Amino acid sequence: MKKNKPKETEKISTAKPATKTKKVSKAVPTKIVKKEESRECVTHKWVPLVGNDKGKNVPTFLFTCLNCGDLKVGTQTIKISRYRLDMGELPMNSIAGIKLMNGPSVDATASGLIIGADIETNVQGIGAPLFMKANGFLAAANATTSATAPCVGLAMDSGTGNKRVLLHGVFRLDAWAWSTGPGTAGLIYLDISTGTLTQLRPSGTDQVIQPVGWALASNCIYFMPSMMYLTHI
Ligand SMILES: [Zn+2]
């Protein structure tokens, strides 16, 4: 495979029709490329990259824009430059650190460590805290007793079955109205109402006191559920 790659790259340039090749070379001067990278392309002009199969040039599923140089596979645009690589809203600039969205630009979405897991019950839907049952399924958590706690994740989808669950990260839900602040003011706990979070620390007998995160904004939390929790006497 590795031996073939340089060959394919060579073939790509020779395989292009003469007119298109001319257009590419016109757009290539460094100053223009830098300018194009700094703004969004108004109208992409996609052309498929050409591969070589048994001596025959064939179009591939990888496209490039003749105007800005973006790539796409199918409908997914990939932005690549010397300093960034992304297929979403957040560029990957360096693998030395992971940057999360604060907050996510869309309601009821998250940025962080996400898994797919089997949800047994979740009437409350997106944003519901979940606990792990003895049968290995997740279900909407409740701080009334430790039998329905601790919260280990937040539902990113409504309904049951295999769904996305946030284990750690930033979650935005516009229906929330959190207070931010120092001390316990900004802390968020598992609530004694099923599938709900609260900023009122549970205070009844046997109730679970588990901080699961803190408020970044009225509609946004940093979810980092504590595995150390107290049960009220
Ligand atoms: Zn473009």
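What share of the contacts in the chain with a separation of 6 or more is accounted for by residues 24 or more positions apart? Such residues account for 52% of those contacts, where two residues are in contact if their C-beta atoms, placed from the backbone, lie within 7 Å. This is a predicted model, in which local features need pLDDT of at least 70 and side-chain atom pairs count only at pLDDT 80 or more, while totals for chains, interfaces and linings use all residues. Residues are numbered from 1 along each chain as its sequence is written.

The secondary structure of the chain comes to 3 helices and 16 strands, taken as DSSP runs numbered from the N terminus (H or I with at least four residues for helices, E with at least two for strands). Of the 233 residues, 22% count as buried; a residue is buried if 20 or more other C-beta atoms lie within 10 Å of its own, exposed if 12 or fewer, and partly exposed in between, with C-beta atoms placed from the backbone.

An open sheet is formed by 5 strands in the order S1-S2-S3-S4-S5, with antiparallel pairing, where two strands pair if DSSP finds at least two bridges between them. Strand S1 (46–53) and strand S5 (85–86) each have a single partner strand and stand at the edges, so one side of each is left without a neighbour in the sheet. S1 pairs with strand S2 (residues 56–65) over 7 bridges, and within this pairing glycine 51 stands opposite valine 58. Glutamine 76, in strand S4 (residues 76–80), is exposed because 9 other C-beta atoms lie within 10 Å.

Tyrosine 189 stands opposite proline 211 in S14 and opposite threonine 198 in S12. S11 and S12 form a hairpin with 6 residues between them, and glycine 195 in the turn has a positive phi of about 70 degrees.

Not counting residues up to four places away in sequence, phenylalanine 171 touches Ala110, Gly127, Leu154, Leu166, Ile221 and Phe223.
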